[in-house]
Amino acid sequence: MPVSWNSPVRFVECDQQGVVFNAHYLVWADEASMVWWAAVGLPWDELVQRADPVVKASSLEWSSSARWGDTVTVDAEPERLGRTSLTVRFTVRVGERVCCAVRNTYVAVADGAATPWPDDVRARLEEALSAG
């Protein structure tokens with residue numbers, strides 16, 4: 001199930017040439033993740049009480065730069081569901097131009113260790129994955 005989130009590029013997110021500093025793509029993915037989790041019926045504040053997802057890995061692949069004055073759209077879409085993990089792809093774009101693809105792998109954690117997704121959470125994640 002693809003979900004989108006928008007944000008204007010703020011001056012503070014850019015270097016002196018007006019190009020977005022690379023770490024902000026991860027911030028945007030994190031912001032979009034909150035919208036995505038809620039859209040699949042798992043609001044973050046409720047989810048963390050049951051299956052605390054933590055980011056185990058992130059990867060970024062740039063295609064072009066977002067710049068000051070642009071508005072970025074971040075499209076969030078699940079790619080892979082494991083027993084204890086979920087990988088979500090966040091495509092950051094300006095209009096139709098893709099700037100960066102961020103992939104975050106979340107792992108459900110309980111008492112400091114990876115744990116399987118609860119059955120009802122897994123069902124929602126499977127539904128989101130099949131809707132994509």
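Leaving out neighbours within four places in sequence, W28 is in contact with W5, S7, V9, E13, V20, A66, V72, V74 and V92, contact here meaning heavy atoms within 4.5 Å. This picture comes from a predicted model, in which local features need pLDDT of at least 70 and side-chain atom pairs count only at pLDDT 80 or more, while totals for chains, interfaces and linings use all residues. Residues are numbered from 1 along each chain as its sequence is written, and side-chain values use heavy atoms, with hydrogens and water left out.

W28 also turns up in the largest nonpolar core, a set of 34 residues in which W28 and W36 have the most contacts. A nonpolar core is taken as buried Ala, Val, Leu, Ile, Met, Phe, Trp, Tyr and Cys residues joined through side-chain atoms within 4.5 Å. Buried stands for under 20% relative accessible area, exposed for over 50%, and partly exposed for anything in between, using a 1.4 Å probe and protein chains only. Two or more residues of this core come from each of strand 1 (3–8), helix 1 (23–39), strand 3 (71–81), strand 4 (85–94), strand 5 (97–110) and helix 3 (119–131). Helix 1 puts in the most, with six residues. These elements are DSSP runs numbered from the N terminus, with helices (H or I) of at least four residues and strands (E) of at least two.

As for the overall layout, the protein chain has three helices and six strands, and reading along the sequence gives the pattern β-α-α-β-β-β-β-β-α. Along the principal axes, the C-alpha atoms fill a box of roughly 50 × 30 × 25 Å. Of the 132 residues, 42% are buried. Among contacts with a separation of 6 or more, 68% are between residues 24 or more positions apart.

Strand 1 runs antiparallel to strand 3, and six bridges join the two; strands are said to pair if DSSP finds at least two bridges between them. One of the bridge partners is D75 in strand 3, which goes with S4. In a regular strand the side chains alternate between the two faces of the sheet. Strand 1 has V3, W5 and S7 on a covered face and S4, N6 and P8 on an uncovered one.

V74, also in strand 3, counts as buried because its relative accessible area is 0%. Beyond its neighbours within four places in sequence, V74 is in contact with V3, S4, W5, W28, A32, F90, T91 and V92. Over in helix 1 sits S33, which is buried at a relative accessible area of 1%. S33 touches F90 and Y106, not counting residues up to four places away in sequence.

Next come the aromatic rings, with seven aromatic pairs in the structure. The ring centres of W36 and W37 are 5.2 Å apart and the planes stand at 75°, so this pair is edge-to-face. Rings of Phe, Tyr and Trp (its six-membered ring) pair if their centres lie within 6.5 Å, with planes under 30 degrees apart called stacked, over 60 edge-to-face and the rest tilted. Both W36 and W37 are buried. Ring pairs also link W36, W37, W44, Y106 and W117 into a cluster.

The cysteines give a count of zero disulfides, a disulfide being a pair of cysteine sulfur atoms within 2.5 Å. C14 is in no disulfide, and the nearest cysteine sulfur, that of C99, is 11 Å away. For C100, likewise in no disulfide, the nearest cysteine sulfur is that of C99, 8.0 Å away. C14 counts as buried at 14% relative accessibility, and C100 is buried with a relative accessible area of 0%.

Finally, D111 lies in the loop between strand 5 and strand 6 (113–114). D111 has a positive phi of about 55° although it is not a glycine. With a relative accessible area of 85%, D111 is exposed.
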